[in-house]
Amino acid sequence: MISSSLKGRALRAIAGGSIAALAISSFAVVAPAGATARPHTSGFLACVVTDTGGINDHSFNASAYQGLKDAQKANKSISIKYLSSSSSSDYAPNINTFISEKCGIIVTVGFLMDSATADAANAHPSQKFAIVDDVPTTTSKNVLSLTYLTNQGAFLGGYLAAASTKTGSVATYGGINIPPVTIYMDGFVAGVRYYDKMLKKKVKVLGWTPTSGDRSKGNYNGSGTFAGSFTDQTAGQTITSGFFSAGADIVFPVAGSVGLGSVAAAKSAGTGHQIIWVDTDGCVNDAPDCSWFLGSVTKGVEPSVNAAVSAAAKGTFKGGIYSGTLKNLGTGTVVDSKSVSTTVKNALKTITAGIESGKISVDPTKYPAV
Amino acid sequence: MTDQATNVAAASSEAPAAPRRSRIRRAWDWYLEGHPVIVTGLAIFLGLVIGGIVIILTTPSVLHAWSNFFSDPWNAIKVSFDSVGAAYRAMFTGSIVDPSAFWHAVTTGQGWTGGSSVLTPMSETLTYATPLVIASIGVGIGFQTGVFNIGANGQAIMGGILGTYVGSMIHVPMAIHLPLTLLAGILGGILAGLIPGFLKAYTGAHEVIVTIMLNYVIVYFLTFVLLSTALEAPGSADGVSRTLDTSAQLPAIFGASSGLRVNYGLVVAIVVVIFAKWFLERSTMGFDFRVTGANPRAARTAGINNKLILILCFVVSGGLAGLAGVTQVSGVNHYIDTNFLVGSAGIGFTAITVSLLGQNKPIGIVWGSLLFAALSVGGRQMQAQTGIPYDLATVIQAVVVLLVASPVLIKEVFRLRGAKTSGIQLATKGWSS
């Protein structure tokens, strides 16, 4: 009885305190909006609407947000904001919220936000937009589409794989047969074939057979192995084990988190089997598995978003298409394994310069197949 | 001795003198009676207070001010109230109306339409609330019948799938197309609801388990239809459906050029509210539903066919959930993807809490939906303006529901005598029956 009355008193004390607190805070709410200025800084406001992954997804959404932070680091007058979408129904309201917040540029992420971004861009022709990894069709010219020629980065990955294989056979596979995926596989095959041609070797590639098509127009034609998903890790493990038994020792999965299945397959196959990670640096993204990564073919979302935001802040922003290349760090290959020799690393540097200058083609059909 | 005992003694001794009391005193007594409206109001109030405490404890600038408390105590308190005030002000102006912009619009006639109209916050709140009202009424009718339909989300997804099929792959004039699309949505919900209905009626399988698990089945079914059937947009490999024909879309009430997204789904929701009120309070079948919910054995003894009522309840509840799903597609999204109503966007799950909040009654559910919608929509504005994460809105929603579901706590804190709990008791009884 005593304890219950004590509890009652304690609760009442909390209630009393909270009533007082709310009375004051509600006073603050009622006070006219003009009285306390919004915490806006005077500079340039850069905003990002992320997809459902949110800003901590260790992938493109995180990279896009990081791009904003990088831009802010370089230019202190930029302030940044983000809104996460919990579903596709949030895209439009999130973008509209930022339009009314008067963001200098709104960055959106991924193909799924294509139509929401295009609608908002058409309705607000003076609002600047940048969209990661997608080219929306708009009537207005205020959207910068951030695209990435990842076949350049994958070319280096292919060369690295060909130079590192012990069995004379490497492999790649994709998530779903769409251009953003096959562009990687295509560049990878080109890199291997280039290695064979230059060093007169016969390293084979499993999983992607390119056929003719104009690469500069985005036609990465060919046939190959696909997991049918970007999340089914079991499928990735099955495919990768299949490649290992077919004689390959290095596999390049282009399938998002399906690639974790490849890592699992390499672990169960044992030392000597390695994975080339895709999109981000595997040793950063999946640090515990770092020893299984030979290297990573990256998509430079941060530098591209950074460039778009910085340009908008400086007033030099122009809509259109941004192509991420080796030169502007829009793509690249990171060597993760310590076993890679300096000779190979130096060769990669030379090839990078060759691709940048256009002397080396990343079209696999330009090289003889083994 | 104890406060309670004195309260009770005081109450009983004062009771006969009631007619002579002043009006204020009677209002105070009414407050002490703990009418559900009072309990809910106090729960919202406490939710906002706790939300304020969370803001103070998690905002870096505020914590910094508190770390200097001993050198500048007034600043710490000022910064705390400033950021809580700014957050709630952003929530209010983002979900209901910005008073200064409203006054500006009234005096100048500018700013009524366009991308950032003064009506945008209200329009967004109503847009968010529309499918929520419909789904919550479906769940509420289930609760009143003693049926725990946790599968409303799956039923809503099924409604969305069938609605998208009809809306995007049949091409007929709007007068036929729109009703047909909405009917397809209702049918989808009914089909998904009949499975647990039949299983419960004829095998005794507990509807909670069956409906929860069916949600997963339906989410994967959604992925399947989007990746492997003709519903997928031609040329797409990302699991995005075809877009609904304009003739199958619920048009925006103020026209597409107004920039206000509130659509004729609102009218559908109002019709559903009126239907539910009539159904539960005036119709014979609604009476049978409620009697079955109150006491299934008595209902059977009185000649009500329990099995039939159970199945019909899933038809009504599932049908409304399906209608909610198709309203979302037809009124707002115009297409579905693999994220449709998945995760935190699952209105069918929110509907359970909203129904609880609204005491399972149509009008209560309308208010509950508006509250949830305003918190969600305002939370977005709060994050955009102040940087305080959107999740705070979810915290406030959760606290409000927790407090409404445990009226004893509210009663203790605010010294209420009564605190009626009928709606909640009825809802929670489903577990044991």
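Two residues are in contact if their C-beta atoms, placed from the backbone, lie within 7 Å. The views below show a predicted model.

**View 1. Contacts of B:Leu320 within the largest nonpolar core.** When neighbours within four places in sequence are left aside, B:Leu320 is in contact with B:Ile134, B:Ala135, B:Ile137, B:Gly138, B:Gly189 and B:Val272. The largest nonpolar core has 111 residues, and B:Leu320 is listed with B:Ala87, B:Leu132, B:Val133, B:Ile134, B:Ala135 and B:Ile157 as having the most contacts inside this core. Because domain 1 (22–94 + 388–433) and domain 2 (129–374) of chain B both give residues to the core, it lies between them. Apart from this core lies another, of 57 residues, among them A:Val189, A:Trp208, A:Ala227 and A:Ala248.

**View 2. The two domains of chain B.** The centres of domain 1 and domain 2 of chain B, taken over C-alpha atoms, are separated by 30 Å.

**View 3. Helix H9 of chain B and its kink.** This helix, residues 174–203, has 30 residues and reaches 43 Å from its first C-alpha to its last, which is close to the 44 Å expected at 1.5 Å a residue. At B:Leu194, shortly before the proline B:Pro196, H9(B) has a kink of about 30°. Just after the helix comes B:Gly204, with a positive phi of about 80°.

**View 4. Helix H10 of chain A, a mostly covered helix.** At 1.5 Å a residue, the 14 residues of this helix (301–314) should span 20 Å, and the end C-alpha atoms are 20 Å apart, which agrees. Eleven of the 14 residues are buried, including A:Val301, A:Glu302, A:Asn306 and A:Ala313. The helix is followed by A:Gly315, whose phi is positive, near 90°.

Key: Residues are numbered from 1 along each chain as its sequence is written. Chains are lettered from A and ligands numbered from 1 in the order in which they are written. This is a predicted model: local features need pLDDT of at least 70, side-chain atom pairs count only at pLDDT 80 or more; totals for chains, interfaces and linings use all residues. Helices (H or I, at least four residues) and strands (E, at least two) are DSSP runs, numbered from the N terminus. The expected span of a helix is 1.5 Å times one less than its number of residues. A residue is buried if 20 or more other C-beta atoms lie within 10 Å of its own, exposed if 12 or fewer, and partly exposed in between; C-beta atoms are placed from the backbone. The bend at a residue is the angle between axes fitted to the seven residues ending there and the seven starting there. Domain bounds come from an automatic or database domain assignment. A nonpolar core is a set of buried Ala, Val, Leu, Ile, Met, Phe, Trp, Tyr and Cys residues joined through C-beta atoms within 7 Å.
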